[in-house]
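Trainee: I would like to learn how to read the features of a model like this one. Can we go through them in turn?

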Number of protein chains: 2
Amino acid sequence: MARANEHGVTPQSEDFSAWYNELVVKAELADRGPVRGTMVIRPYGYRIWELLQAELDERIKATGHENAYFPLFIPESHLAREADHVEGFAPELAVVTQAGGHELEERLVVRPTSETVIGEMFSRWITSYRDLPLRINQWANVVRWELRPRLFLRTTEFLWQEGHTAHATEAEAVAEAMTALRLYEEVARDVAAMPVVAGDKTPSERFAGALRTLTLETLVRDGRALQAATSHFFGTNFSRAFDITFATADGTLEWCQTTSWGMSTRMVGGVIMTHGDDKGLILPPRLAPYQVVVVPIGRGPELGRSIDAARSLAAELEPAGVRVRVDERDHLSPGFKFNEWELRGVPLRLELGPRDLAAGTVTVAERLGGEKQAVRREEAVAAVLARLDAIQAALLERATRFRDERTRVVDTFDELVDAVAAGFALAPHCGDASCEAKIQEVTSATPRCVPLDAPAEEGHCVACGKPAAYGRRVYFARAY
Amino acid sequence: MARANEHGVTPQSEDFSAWYNELVVKAELADRGPVRGTMVIRPYGYRIWELLQAELDERIKATGHENAYFPLFIPESHLAREADHVEGFAPELAVVTQAGGHELEERLVVRPTSETVIGEMFSRWITSYRDLPLRINQWANVVRWELRPRLFLRTTEFLWQEGHTAHATEAEAVAEAMTALRLYEEVARDVAAMPVVAGDKTPSERFAGALRTLTLETLVRDGRALQAATSHFFGTNFSRAFDITFATADGTLEWCQTTSWGMSTRMVGGVIMTHGDDKGLILPPRLAPYQVVVVPIGRGPELGRSIDAARSLAAELEPAGVRVRVDERDHLSPGFKFNEWELRGVPLRLELGPRDLAAGTVTVAERLGGEKQAVRREEAVAAVLARLDAIQAALLERATRFRDERTRVVDTFDELVDAVAAGFALAPHCGDASCEAKIQEVTSATPRCVPLDAPAEEGHCVACGKPAAYGRRVYFARAY
């Protein structure tokens, strides 16, 4: 067993998995619920989700989607209408068999995703080309029974948004799926400071029922990939199963082309794993519940003056849009507080003590490290704003550098084995499921995606030597 | 059967119930889901909920509460720990008995409310007086199996927020329950334009497990009462059941005092029933998805100029904070559009046609009625802002007048029978459940609340003649 350091968690460098599990609980992000696999998202963790939600919701609305809400319960027979879909989700379903004191005539599935119930409603709402495109988003909880649950990453119940759209043409539906992916990419990069690779899933990794699954893949600090969001093009698979048709301008009846796309509370796990270090969390300023913590220092009447000064500084930071907390707890030492806020990932700490007050300064410490610095009090607000921007940029740069250092272009099976032990392998791949199975058996790695933004390149499959498919290299990695 | 009028719904004055049921669907607020009793909230209805949510969430946070999220599934044995609570909810539970392809060892209840799962977590999180007060809020879906479902008012699944708090003293917990009630009262009055009576439930009407249930009661246009929100003081009932204790400053162990309080999507039904008329919905501006609809008028090139003018007007209204929609649909007549937006309750309609353009004016029509008026184009934005404020105030005034006209002070049983046929009766009541049962049997009316803000008054029970309890008159009404 690795030993917890002074911050109270096993160092990341010693045991990544123990570090993550302990940190999520110690930092008060989440707790295990009473039912196995369920999660309680505590206020500190939920605030991160709320900040992410707000950024995402704004962009979803700005691109012409409207929010709605669909029922939690789906008749079991509905789910069965799309054959691939039910096959994919059947092992993960929770089923209500009793309600209102009686055995139900038809069993109800707790939604694992909402294509089927939304498909049913789309078929009622859409009659003519004038009703298209129909672009709906839902914020909701979904349930997928997990055998190996892990807080945020894989929980029996999780929170997400799921966009569902219907279109008159295939081209428009594919463009919609791409719009959603690019919107997620922007949020991952600009808000979560998470560099992602955008690409297509190979057939074996597609969503149940999809013709095309687009994905964002990121690399976390133990060298594994994490899927940050997905976007699916269904063609007419669901519209045929749920009878979603429209009359064209000249009166003929056609099937709609549909899509769906989602991002979930899993992203919070991704943020933890992308930025954290041995001391604990490091939160990107744009997702930090507190961007700044102010710790007043001193004893007796000196402490009183420090607290007054801290409050007055906070009162200037708040109207400037800074999320700030003054830590006035009187039973804890400054050192204890420093450790605690480092563990909890607050990007910037301000210290205010008698020496600062005498000198007219504020002491600034960055969570990312470096020497503490004294900043003139009258320049404190401007300095905080500038540093928060700089930290946001530095985190993205640091994560991008890490990802790039751990991405290797490989041409042989042995090179691939080495590469996926540390991160991404970019390899030529023939596209056969049997080669994917062979790679997974030897390395645990799977194809993460066929990148959208990559140069065209021919080659020979790293596993079988046959000509490569897709016209470009494929990302492989061990994945969460 | 009443006949639908030119707006497409049965007039409210002919059949209130048919009016409501038709209107909810016709105005595209909600639809029935595939499972009996479930509801699909369509974008227009969901936007009303989002606007209400934002107002409520802001006030919940401003009063020191933090959002969190707790699991949907509760072990059946947990729910049973508080005897009154399980007895109250048992008939309404939906139960998951299978998951992940297997029969579950312990059955899981889909939360009907979250006191039990939150109580379990509070007992883990609270150890000392320093952890108090703990003030948490959750936005979530809950499930209560309904035998007579009705969209928004009573659905098998609904959306709500539930606040849950723990305190060191009874006085503080009671004050918290009161804070929540006053916050709801403010939202009902200032946002939903809904006049409410704040009061205590009599023992027979309390929440299962509560020592005190505070409620907001409003009167809708068919003379029935509607409960808009409730707030509960539990004393130590839940902390004893879930072992929620804290060490005081001097080290003794005590039970926490807890509260919970909730407002739900039922409020959307309340808004419809409070303000609507024969023509359809009337939405208070602060909850209207579109506060203003602009209808361009004309044919051929004239129509093109009207559309340009409408867009440019909308482009001025939006930055002023007005939610505006330009109705550019080219296959519908202006008259059809007028009717549709009246049905859907948009507070203000602007018409822009060739005559308006020539005269430099905009034609303004209010949903509440009155003559159309021409407003100078350069004054249009200011006029819209002023009118929206005036409409918001007028709706509250209109609803208050309606409520007051339908509230009668009564001293005899016969007077009570008459009064509750039309609205509220304010009657002396001895407090006995047997008198409440007698009143309900004869009139269907139940005690709605003992008002908080009412003069002290003695008297004799309207049902049995014994001295009245509570020191003030009690509100009775038939209720939803």
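Mentor: We can start with a pair of helices in chain B. The axes of helix α2 (residues 43-62) of chain B and helix α6 (residues 170-190) of chain B come within 10 Å and cross at roughly 150°. Keep in mind that this is a predicted model.

Trainee: What does the angle make α2(B) relative to α6(B)?

Mentor: Two packed helices are described by the angle between their axes together with the distance between those axes. Angles over 145 degrees count as roughly antiparallel, and the crossing angle therefore makes α2(B) roughly antiparallel to α6(B). The crossing in which α2(B) passes α6(B) is right-handed.

Trainee: Which residues of α2(B) and α6(B) make the contact?

Mentor: From α2(B) come B:E55, B:L56 and B:R59, and from α6(B) come B:L183, B:E186 and B:V187. Sorted by class, the contact of α2(B) with α6(B) has three nonpolar, no polar and three charged residues.

Trainee: At what angle do helix α2 and helix α6 of chain A pack?

Mentor: Helix α2 (residues 43-62) of chain A packs with helix α6 (residues 170-190) of chain A at an angle of about 150°, and their axes are 10 Å apart. That makes α2(A) roughly antiparallel to α6(A). Here too the reading includes a hand: α2(A) passes α6(A) in a right-handed crossing. In this contact, A:E55, A:L56 and A:R59 in α2(A) meet A:L183, A:E186 and A:V187 in α6(A). By class, the residues of the contact of α2(A) with α6(A) are three nonpolar, no polar and three charged.

Trainee: How do α2(A) and helix α8 of chain A cross?

Mentor: The axes of α2(A) and helix α8 (residues 266-275) of chain A come within 10 Å, crossing at roughly 105°. That makes α2(A) roughly perpendicular to α8(A). On the α2(A) side the contact is made by A:G45, A:I48, A:W49 and A:L52, and on the α8(A) side by A:M267, A:V268 and A:V271. The contact of α2(A) with α8(A) has six nonpolar residues, one polar residue and no charged residues.

Trainee: Now the two chains. What rotation and shift superpose chain A on chain B?

Mentor: Two copies of a chain are related by a rotation about an axis and a shift along it. Here a rotation of 180° with 0.0 Å of shift along its axis superposes chain A on chain B, with an RMSD of 0.0 Å. That is the relation of a two-fold axis. In chain A, the C-alpha nearest the axis belongs to A:V96 and is 2.1 Å from it.

Trainee: How many residues does the contact take from chain A and from chain B?

Mentor: It takes 44 residues from chain A and 44 residues from chain B. Strand β5 (residues 94-99) of chain A gives six residues, the largest share of the side of chain A that touches chain B. That side divides into 28 nonpolar, nine polar and seven charged residues.

Trainee: Why do the copies meet through the same surface?

Mentor: Because 100% of the interface residues of chain A are also interface residues in chain B.

Trainee: In what sense do β5(A) and β5 of chain B pair?

Mentor: Strands of a sheet pair through backbone hydrogen bonds, either parallel or antiparallel. β5(A) and strand β5 (residues 94-99) of chain B pair in the antiparallel sense, over five bridges. The bridge partner of A:A99 in β5(B) is B:A94.

Trainee: In what order do the six strands of that open sheet run?

Mentor: The order is β4(A)-β6(A)-β5(A)-β5(B)-β6(B)-β4(B), and the pairing is antiparallel. β4 (73-75) of chain A and β4 (73-75) of chain B stand at the edges, each with a single partner strand, so one side of each is left without a neighbour in the sheet. On average, neighbouring strands of this sheet are turned by 45° against each other, direction ignored. Towards one end, β4(B) pairs with strand β6 (residues 102-110) of chain B in the antiparallel sense over three bridges. There B:F73 stands opposite B:V110 in β6(B).

Trainee: How many strands form the open sheet with mixed pairing in chain A?

Mentor: That sheet has 11 strands, in the order β3-β7-β8-β14-β11-β10-β9-β22-β23-β21-β20. Its edge strands, β3 (66-67) and β20 (407-409) of chain A, each pair on one side only. Within the sheet, strand β21 (residues 424-427) of chain A runs antiparallel to strand β23 (residues 474-477) of chain A, joined by three bridges. A:L426 stands opposite A:Y475 in β23(A).

Key
Residues numbered from 1 in each chain as written. Chains lettered and ligands numbered in written order. Predicted model: local features only at pLDDT ≥ 70, side-chain atom pairs only at ≥ 80, totals over all residues. Contact = placed C-beta atoms within 7 Å. Helix = DSSP H or I, 4+ residues; strand = E, 2+ residues; numbered from the N terminus. Nonpolar A, V, L, I, M, F, W, Y, C, P; charged D, E, K, R; others polar. Pairing = 2+ DSSP bridges. Axes fitted to C-alpha atoms, helices over the stretch in contact; angles between N-to-C directions. Parallel < 35°, antiparallel > 145°, perpendicular 65-115°, else oblique. Left-handed = near helix turned anticlockwise from the far one by under 90°. Least-squares fit on C-alpha atoms with pLDDT ≥ 70 in both.
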